[in-house]
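Subject: Structure for your files

Hello,

Here is the structure I said I would pass on. My notes on what turned up in it follow below.

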Amino acid sequence: MKEAGSLFRGRVEAANRGGVVLRVGRLAGFVPMSQIEAERVADGAEPAETRLEKLVGKRMVVRVLECDPRGRVLILSEKAAATTMAVQKLEVGMTCRGKVRMLADFGAFVDVYHEETGIKGAEGLVHVSELSWDPVVHPSKVVGVGQEVILKVISLDAERNRIGLSLRQTETDPLLETLDMLMPVVEANKQGRKKNGQPDELLPELVNICRMLQEQPGILQVEAGRRVVERRVVSQELEIWLTNSQVQGGYNLLARLGNKVQELHVVSPLSREEIKDAVARVLEEAAHSQPFVQ
């Protein structure tokens with residue numbers, strides 16, 4: 001007898017309004033309609049029962065969700081089987097096509113398709129934090145049920161049979177796009193200086209932060225870099241990010257607050273993780289001290 005989690009191929013013997021029946025030895029296994037690959041039962045003018053009846057005689061690869069031979073219960077899933085195969089075939093970093101199936105407060109469930117590996121209808125989740133670079137109140141503000149999107153695979157969990165996806169990582173962070181595309185780095189401005197050789201003006205909200213950061217062990221200097229004012233609000237609260245850009249002798253930080261974006265150059269021999277720790281300490285200390293200079 002098949003155990004929960006195992007895969008097998010079976011032939012559809014019957015159908016009703018709730019799903020289809022596959023014969024597995026002496027047991028009749030049931031595949032609920034919600035667990036059938038979406039393209040097989042795509043919405044149309046025909047009643048659901050008619051669409052399911054067309055599957056009789058066709059083969060399915062399914063995963064056992066629940067098996068109780070004594071109670072003669074065998075619940076199967078074609079979608080879960082597709083997800084299992086997707087976890088085996090996909091790789092983190094790949095892009096795939098997705099169709100939004102359901103929305104929840106914590107994210108969007110999507111059916112995953114990847115032509116190169118033959119994946120069709122696997123189940124994946126785009127967490128609300130991976131829907132957009134901007135804060136998201138609810139997934140419905142970004143995507144809608146039935147919408148097709150291009151996604152990036154960010155996690156694969158074979159043990160829990162889960163696929164983690166990202167919509168925002170298929171696009172450039174608008175913060176980086178603003179600085180690098182609208183304000184390209186040129187030779188005369190690589191060290192955070194204007195063309196006349198004077199330092200760029202620092203956002204008032206960062207004066208105290210930069211002073212505290214420069215007092216951290218291992219940080220030699222903090223210089224103001226490029227600054228822009230967006231037409232839209234990019235962050236309600238002060239956020240500081242460590243960029244991936246390569247900077248000789250140190251690192252680049254990006255701070256954003258409201259519609260203001262500021263680049264900071266940190267001169268330091270510290271490692272990337274040590275810089276992160278230093279910034280975290282400063283932000284925690286600043287939160288317990290006097291308000292930022294306005």
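A residue counts as buried when its relative accessible area is under 20%, as exposed when that area is over 50%, and as partly exposed in between. Phenylalanine 109, at 22% relative accessibility, is therefore partly exposed. Please keep in mind that this is a predicted model.

Overall picture

The chain has 294 residues, and buried residues make up 41% of them. Its secondary structure consists of five helices and 14 strands. Among the contacts with a separation of 6 or more, 60% are between residues 24 or more positions apart.

Strands β1, β2 and β4

Strand β1 (residues 7-16) has pairings with two strands described here. With β2 (residues 19-24) the pairing is antiparallel and rests on four bridges. Alanine 14 has valine 21 in β2 as its bridge partner, and two residues lie between the strands of this β1-β2 hairpin. With β4 (residues 59-68), β1 also runs antiparallel, joined by five bridges. Leucine 7 is placed opposite arginine 63 of β4.

Strands β7 (residues 107-114) and β8 (residues 119-127) run antiparallel and are joined by eight bridges. They form a hairpin with four residues between them, and the turn includes glycine 118, whose phi is positive at about 80°. Across this pairing, phenylalanine 109 has leucine 125 of β8 as its bridge partner.

β8 is also joined to β10 (residues 162-166), in this case by two bridges and in parallel. Here valine 126 stands opposite leucine 165 of β10.

In the loop between β9 (148-157) and β10 sits asparagine 161. Its phi is near 55°, a positive value in a residue other than glycine. Is asparagine 161 buried or exposed? Its relative accessible area is 15%, so asparagine 161 is buried.

The aromatic pair

How many aromatic pairs does the structure hold? There is one. Phenylalanine 106 and phenylalanine 109 make up this pair, with 5.8 Å from centre to centre and 85° between the planes, an edge-to-face arrangement. Phenylalanine 106 has a relative accessible area of 42%, so it is partly exposed.

Helix α2

Helix α2 covers residues 78-89, which is 12 residues. At 1.5 Å a residue the helix should span 16 Å, and the end C-alpha atoms are 17 Å apart, so the two values agree. At the start of the helix, a side-chain oxygen of serine 77 comes to within 3.4 Å of the backbone nitrogen of lysine 79.

How many of the 12 residues of α2 are buried? Nine are, which leaves the helix mostly covered. Among them are Glu78 and Lys79, along with Ala80, Ala81, Ala82, Thr83 and Thr84. Ala86 and Val87 are buried as well.

That is what I have for now.

Regards

Technical notes:
Residues numbered from 1 in each chain as written. Predicted model: local features only at pLDDT ≥ 70, side-chain atom pairs only at ≥ 80, totals over all residues. Heavy atoms only, no water. Pairing = 2+ DSSP bridges. Expected span 1.5 Å × (residues − 1). Buried < 20%, exposed > 50% of the residue type's maximum accessible area, 1.4 Å probe, protein only. Polar contact = N/O pair within 3.5 Å; in protein donor to acceptor, adjacent residues only side chain to side chain. Phe/Tyr/Trp six-rings, centres within 6.5 Å; stacked < 30°, edge-to-face > 60°. Contact = heavy atoms within 4.5 Å.
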